[in-house]
Amino acid sequence: MKYFSEYSDELLNRTFFKKPEEITKSDKVEFLKMATGAHLVTPMTNQSISENIIKNKYKDLITNVWDLEDGAGNIDENTLIKNLKINLEIYNKKIDKNNINPDKLPFIFIRVKNIEMLKELYTFSNLLKYCNGIVIPKVKPNTIKEYLEIIQRINNKEKIKLYALPILEDSTTILIKDGINNMIKIKDILANYKDIVLNICIGATDFSGKYGIRRNVKSDIYEMHVVSQCLTNILNIFTYENEYSITAQVWEYFSKNMTSPENIGLLNETKKDRYNGMYSKVAIHPTQILPIQLSNCIEYEEYIDAIQIIKGNNKKTGVFKSSNSNKMNELNTHTIWANGIINRAKIFGVLNKDITCQYIINEFLKERSEIYDK
């Protein structure tokens, strides 16, 4: 896969100082954890989901979550499992028959409803050969290990690599009394499975619901103090020294008009996600994919700063002026940040000098008129 590969060379040359590079699903987890972008959630309510992937219906799609939990509503579990099996059978058959390279297709993650559903998946694990991960709902210290063990067993049985994507989304996490201790326990358990933990997801909408609050189109999750406090705790515990990658919460509003309040709000919250070290985000509508992906492109100045820090300014001093002569670059302090910039530059690309996120969104949308109304 490669971000923005569906766009014209003329646009990419005009936009990027350094274009995105190829991503393969066999890349190291330390790299892949930053590469998942917008996680488009697709409820497992019909049997044509896999056909849409093969037909490349959503051309910006890098990550698709096949949802058998909340998004599937009240559909009974037997129907959901039946739909999943049919979609997997179609998906596998199309890939094999047409000799499609799986690395050219999006990440496919399956969000199960409970441990019993994951055990059911184990019984037809041979169909999971082109899937890439299991999203684990409502993670608790006393349940997470069993999920991880079953995922490991599937990997060992089928000789594949399914990742785990745990979701922190219930009172076990958010309540101050026990939340921090519970997250530390979860982290201690994850330490034994670090090679298969790709992203840790945040169910901030679930958190909000517990308190009977909901952000409107002109606000963001960081303004809701009771929720943002929990996000701070999650980031504090799991991302210290870039140990785990966090997938940011869903933005509930969408519109085909990219200048609408709904999409302005999305861009505002995505920018704050990035400031807080979250480079992937759950999406609930195809129109959200491109803004989330483009928001992760590296700006020219920060890329040059990162290169300068990694090279160490010839190691003459630990602190030195940036190449743009507008900030301090410090070797020891900024090295983790700089390494992250270099890796994400490979994934999302580096913008040309003085090109803004809003500019590239407008330019890219001109080649996506079939999806977005101007």
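**Figure 1. Contacts of Thr15 in the predicted model.** Thr15 touches Val350, Leu351, Asn352, Ile355, Ile360 and Phe364, leaving aside residues up to four places away in sequence. The model shown here and in the other views is predicted. Thr15 sits in helix H1, which covers residues 9–15. Its relative accessible area is 0%, so Thr15 is buried.

**Figure 2. The barrel.** Eight strands form a closed barrel in the order E2-E3-E4-E5-E6-E7-E8-E9. Their pairing is parallel. From one strand to the next, the twist averages 30°. The next views take up E5 and the strands paired with it.

**Figure 3. Strand E5 and its two faces.** E5 spans residues 133–136. In a regular strand, side chains alternate between the two faces of the sheet. Gly133 and Val135 lie on one side of E5. Ile134 and Ile136 lie on the other. All four are buried, and both faces of the strand are covered.

**Figure 4. Pairing of E5 with E4 and E6.** Strand E4 (residues 107–111) pairs with E5 in the parallel sense, over three bridges. Ile134 of E5 is the bridge partner of Ile110. Strand E6 (residues 163–168) also runs parallel to E5, and four bridges join the two. Two of the bridge partners in E6 are shown. Ala164 is the partner of Ile134, and Tyr163 is the partner of Gly133.

**Figure 5. Crossovers into and out of E5.** E4, helix H5 (residues 115–123) and E5 make up a β-α-β unit, and this unit is right-handed. From E5 the chain crosses through helix H6 (residues 144–158) to E6. That β-α-β crossover is right-handed. H6 lies across E5 and E6. The helix runs at about 170° to E5.

Figure 6. Lys138 belongs to the loop between E5 and H6. Its relative accessibility is 30%, so Lys138 counts as partly exposed. Most residues other than glycine have a negative phi. Phi of Lys138 is near 45°, a positive value.

**Figure 7. Packing of H5 against H6.** The axes of H5 and H6 come within 10 Å and cross at roughly 10°. H5 is therefore roughly parallel to H6. From H5, the contact is made by Ile115, Leu118, Lys119 and Tyr122. From H6, it is made by Glu146, Tyr147, Ile150, Ile151, Arg153, Ile154 and Lys157.

**Figure 8. Packing of H4 against H5.** Helix H4 covers residues 77–97. H4 and H5 pack at an angle of about 35°, and their axes are 12 Å apart. The crossing is right-handed. Glu77, Ile81 and Leu84 represent H4 in this view. They meet Met117, Glu120 and Leu121 in H5.

**Figure 9. Packing of H8 against H10.** Helix H8 (residues 176–190) and helix H10 (residues 225–238) have axes that come within 10 Å. The axes cross at roughly 30°. This makes H8 roughly parallel to H10, because an angle under 35 degrees counts as such. The crossing of the two helices is right-handed. H8 contributes Ile176, Ile180, Met183, Ile184, Ile186, Lys187 and Leu190 to the contact. H10 contributes Gln229, Asn233, Ile234, Ile237 and Phe238.

Figure 10. Asn99 lies in the loop between H4 and E4. Its relative accessibility is 70%, so Asn99 counts as exposed. Phi of Asn99 is near 50°, a positive value in a residue other than glycine. Met183, one of the H8 residues in contact with H10, gives a reference point. Asn99 and Met183 are 84 residues apart in sequence. In space they are 43 Å apart, C-alpha to C-alpha.

Notes: Residues are numbered from 1 along each chain as its sequence is written. This is a predicted model: local features need pLDDT of at least 70, side-chain atom pairs count only at pLDDT 80 or more; totals for chains, interfaces and linings use all residues. Side-chain values use heavy atoms; hydrogens and water are left out. Buried means under 20% relative accessible area, exposed over 50%, partly exposed in between (1.4 Å probe, protein chains only). Two strands pair if DSSP finds at least two bridges between them. A crossover is right-handed if, with the strands pointing away from the viewer, the path from the first strand over the helix to the second runs clockwise. Axes are lines fitted to C-alpha atoms, for helices over the stretch in contact, and angles run from 0 to 180 degrees between N-to-C directions. Angles under 35 degrees count as roughly parallel, over 145 as roughly antiparallel, 65 to 115 as roughly perpendicular and the rest as oblique. A crossing is left-handed if the near helix is turned anticlockwise from the far one by less than a right angle, and right-handed if clockwise. Contact means heavy atoms within 4.5 Å.
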